Amino acid sequence: MKPPSFAYARPGSLAEAFDLLERHGEDAKVLAGGQSLIATLNMRLSSPAVLVDVTGIPGLAGIAAAKDKVRIGALTTHRAVERSAEIGATLPLLAQAARHIAHVAIRNVGTFGGSLAMADPAAEWPACCVALDAELVLASRAGERRVKARTFFRGLYETDLKPGELVTAVEIPVPGKDHRASFMELARRVGDYAIVGVAALARAGAGKSGKALTDVRLAYLGVGPTPMLATQAMAAAEGKPAADAAAAAQAALDRDLKPTADLHTSAAAKMHLARVLTGRALAALAA
Amino acid sequence: MEHTLETTITVNGTRVTRRVSARQHLVDFLREELGLTGAHYGCEHGVCGACTVRVDGEIVRGCLMLAVQANGRTVDTIEGLSDSGEIAGLQAAFHRRNALQCGFCTPGMLMAAQDLARTRPDATREEIREHMSGNYCRCTGYHAIVDAVEDALKQSAQTGGKR
Amino acid sequence: MNARAELPLHAPGTQVDKGYIGQSVPRENAKRLLQGRGSYIDDLRFPRLAHVVFFRSPHAHARIRKLDLAQAARQPGVIACFDGRAVAEYCTPWIAVLGHLKGIKSAPQHPIAIERACWQGEAVAAIVAESRAQGEDALAHVEAEWEELPALTDMRESLAGKYVIHPDLGDNVCFKRELVTEGFDAAWAKADIVVEESYKFGRHTGVTLEGRAILADYNAADHSLTVYHNTQAPHMMQDIFSRHLGIPEGNVRVVCKDVGGSFGIKVHVYADEMATAAISVMLRRPVKFVADRLESFLTDIHAREHEVTVRLACTKGGDIIGFDLDDLTAIGPYSVYPRTSGIEGNQVVNLTGGPYRHKHYRAKMHVVFTNKNLTCQYRAVGHPIAMALTEAIVDRAAAEIGLDPAEFRRRNLIPDDAYPYSEFPSGIKFERLSHHQCLDKLLALMDYKELRAEQAALRKQGIHRGIGLAAMIEVTNPSPAFYGVGGARISAQDGATLRLEPTGMLTVMCSVTEQGQGTDGIFAQIAASAVGVTLDKVRVITGDTGVTPYGGGTWASRGAGIGGEAVLQAGRALRSNMLDVAAAILSADKAELDIVGNEVVNKLTQEPKLSLAELGRIAYFRPDTLPPKFQSELTVTRHYTPRDYAFTFTNGIQASLVEVDPDTGFVKLLKHWCVEDCGTVINPMLVDEQIRGGVVQGIGAALFEECLYGPDGQLLNGNMADYLVPMCGEMPDIVVAHVETPTKQSALGAKGAGEAGTAGAPGAVMNAINDALAPLGARVTVQPATPERILEALGKV
């Protein structure tokens, strides 16, 4: 199990990277942390002619907080997100999700931007970014553009990235102080890709019968070709106390998710598990 | 575009330079070019943890990193950590507790355990299990490994965590 | 037959001292492994070493229309390419049958498929290259044309003969066995209660962390072959390389270096390994093949895959009358050489109902061919199936009658004073077991009553915990009845050579091999104790046919019981010879001398008389000072074969405590207990973790592991991300305790311990899950019990 032969380049600037990507077109693959890519190379499931290692480009890693948003550089590792006090304080959803990503040795290398560009529908960051309504910063020779996470993910491993374009950063609006976050997933073993997971956010305020949930946001992983924003369930839950919100969201969820069976779990079981997690996540938000 | 690149890595404190194939992953480099056979291949797709080594002080999967990606960086292997004495306490605890049988996973296990010792020396048994869950062992029931790591963490807390 | 003595190991009349026997001594050879300084096959560096990679069939069943290796041969670094015909010139095919498995049949298997591939992954061509990567590059240039044939993947279709995989054999039945005890129908008719249930056991595999590996080095000058091989049975492989490659046995040497786990996976003859050895002969140079993880899933033997229906008849008082078994299992397209693939099914028939004192039994079992990877003996062979189905149906019967599962077992387990026991209806015989002692110890250890009370209290809070018990028996220390009587050239005896070195050190050479289970360590303990030296004086050499006595190696939980006894006997004989030398040097009466702590001492006063270093110096360098005609013999070899019983059975009982989340179908393992009786425990620490490792493999079977195939015979999850092995995070703490009933067949009294954990755990976990689900009216009878299957049982999907 050795990778096929390829050439390797490690550009020192974005401009140099764009040159390489333009020159090699579809023969080139971008290498960031490589925690998914190198496994597929080892298995010879992919055979690019050139790997363009973008980790030498300065300025693409790091976490910076502005007044109402946090900017995470594309090359920031999962581990850096996990360890960041800034993230813990402002985006607890990410802090909760980080420890579910594989294992420490992989989190030390795998990158935030790489995970989004890879667009695995079972991965944690895409669902979190969708729930948080994050904005991706994409750069190419033509310049920079911004795309909402909610429109970035197009299909199975398919994104809005154009040839020659790189994810350089993600900007995440910081939810209000009374927002609460809950990330939950069901994985067979610690660090496995989850069967299903949910990134949930809501404001929990005083209501008639206990705390009512408002600005409810539910994004799922593992139950569709992309991270799935459950707009129907969100609308159903909006403004309701937790128990009612859960029942309403669960009832609406069929219209939001499109699970397909994986090797071990049927589509019906995934749908069932998504409903279970919905109830638990909303309860946690109100707790 | 180069398929082979001159690559300089500081391995266990010694700078080595080799012209390596771009496709060669780090563990192949260590094993084939340097004869450091302590890091093993168990799966070559990042799941089993037998190839765990340290790059710039952090544990990584050696099969999921190309040698050329380690150019200019520092790599520590089980051989280096053994010789420096850094993991002597862990090794003694593993030995005392019989936390290994065939030994194939052991270098990776020790790498992962040492990472825990450095980052969360007060880890509970549950946290030890979670942290070690990226390393596969088919021989033990993991119980002895958890015992050994727990012992080593306690021991090091008692001696003031000298490392 | 030798006179038998129980422990202690020291001469009668001296202090009662078991020496190191029973001590949790850390293993000396673990130190190398802890520093990453072991030496596994893939760590060896040879000049002119070439790498073999295999072009493997992408189809489960297909005729090779065309195979053109010309382009592959022209790729950079490629040394040679061979198809099946070329290799067959150097290596003869084999048919894996055994005389005592009446009617077993299989087809000839070649190292590399010649006309037809019968499973996805079967080797069809070999490419030899200067590096593994270059060899893999060349695989893409093999031109193959295939005529796909119907793939038989369903065992019922195979049994029904939908297609016949090997037309020459007439049907797809490799082996079948039927058995019924006298008076079965009459006894059955008297039953008050009959419970029946069907179980499915998924196919799984061993996933040794180190892949199969072989480095074959043929020397054309003297027509000799040295094979570095991570096998469990070096002498068996020596014989097989010799016979199939046409090289005299004495010219073949098999050397095992450190072995990265085996569990039965590495005790078989693999076609690609035979091809590698043949290629070394063909190319007259060292060649190496290491199975990568994807190849391991496709070609390491698989195991289990049984569909069983079992019935249990009992009285309303709760006495078991008998069992009625119907087992169907599928083994792939060939029986595996030389042990055959009929053994697992045969064991299920032998062992079902094993712990109990019923008198009646009927069994029917079919082993059929399919177009999936081959299956064969993997840790605990047949036991996990037999124990799980027995223990599950026993729980059903207990529930039916309204007896607590522990009480039902107490009522039916063979009494501890009933031995030797020859009335077991499948025909197996028990020398001496301790079911009741083990049960009592287990219930006390786990505080069974307290746990039941806690379970009841938690159920009221909607928390669903389950407690599962599984009693078990285990085949260990097999006699020649296992393989030898069937014609297999597999040694049931083992030998040990002990040599006193001039400095007073002791070298032990034994034919049992070390795969991490601690063989070297316990042999050192036994040798040191038997001779009277300290442990630091002992060095152990195993795994080299050029050095050690002849023997069977490591399988069927035989290393400690058989190899250990050979070491003990050799140690005693050497000690006697050493005392002869000491008596000659000291002009003393041998009977007055003893050896303690590296010194010859006066037996009564313990006064040191002579150091062993001095004894060695005189014996080896100044024998001229000894009496005329006195010749010292300080190298001694002894052998041991268990013969009184076909197998020396052990017994034990396990318990599992789980919590089932009925909303998600997830099972949390809270704790696991195992009390077992492997006779004399030589090193409790090693035995305990052996048991725990076995338990975890059993938990893998119960909850996680399954080789999933598509209807076309494609393995769907042949990688470590999709084939779920147990990892640290989900495993429980496992409490192990022992009852010691030494076998009287040997002086050491040790029985095997390697497979007990795997034998009992699947049943214990399945019973625990079903205990948790019982108030919800659900039962899971398929292993592994995935969340999907549990949700299905609960009617939630």
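Mentor: What follows goes through the cavities, then the chain around them. Keep in mind that this model is predicted. Rolling a probe the size of a water molecule over the atoms shows where empty space is left. Counting cavities of 30 Å³ or more gives 8.

Start with the largest cavity. The volume of the largest cavity is about 710 Å³. Its lining holds 45 residues. Nearest the centre lie C:Gln517, C:Thr554, C:Ser557, C:Gln690 and C:Gly754. Three elements of chain C each give two or more residues to this lining: helix 15 (519-531), helix 16 (559-586) and helix 18 (684-704). Helix 18 of chain C supplies the largest share, with 3 residues. By class, the lining of the largest cavity has 20 nonpolar, 20 polar and 5 charged residues.

Now the second largest cavity. The volume here is about 120 Å³. The second largest cavity is lined by 15 residues, and C:Gln109, C:Trp119, C:Tyr270, C:Ala271 and C:Leu374 are the closest to its centre. Its lining divides into 9 nonpolar, 2 polar and 4 charged residues.

Step back to the chain. Chain C contains 20 helices and 27 strands. The C-alpha trace of chain C spans about 85 × 75 × 50 Å along its principal axes. The radius of gyration of chain C is 28 Å, which agrees with the value near 28 Å for a compact globule of 797 residues. Of those 797 residues, 67% count as buried. Among contacts in chain C with a separation of 6 or more, 80% join residues 24 or more positions apart. Chain C exposes about 25,800 Å², and carbon and sulfur atoms supply 49% of that area.

Notes. Residues are numbered from 1 along each chain as its sequence is written. Chains are lettered from A and ligands numbered from 1 in the order in which they are written. This is a predicted model: local features need pLDDT of at least 70, side-chain atom pairs count only at pLDDT 80 or more; totals for chains, interfaces and linings use all residues. Side-chain values use heavy atoms; hydrogens and water are left out. On a 1 Å grid over the protein atoms alone, a cavity is a set of points where a 1.4 Å probe fits but cannot get out, and a pocket is an open set with protein on both sides within 12 Å along at least five of seven lines; lining residues have an atom within 4 Å of a point. Grid points are joined across faces, edges and corners, and a volume is the space filled by probe spheres set on the points. Helices (H or I, at least four residues) and strands (E, at least two) are DSSP runs, numbered from the N terminus. Ala, Val, Leu, Ile, Met, Phe, Trp, Tyr, Cys and Pro count as nonpolar, Asp, Glu, Lys and Arg as charged, and the others, Gly among them, as polar. The radius of gyration is taken over C-alpha atoms; the globule rule is 2.2 Å times the number of residues to the power 0.38. Buried means under 20% relative accessible area, exposed over 50%, partly exposed in between (1.4 Å probe, protein chains only). Contact means heavy atoms within 4.5 Å. Accessible areas come from the Shrake-Rupley method with a 1.4 Å probe; for residues, only the protein chains shown count as cover.
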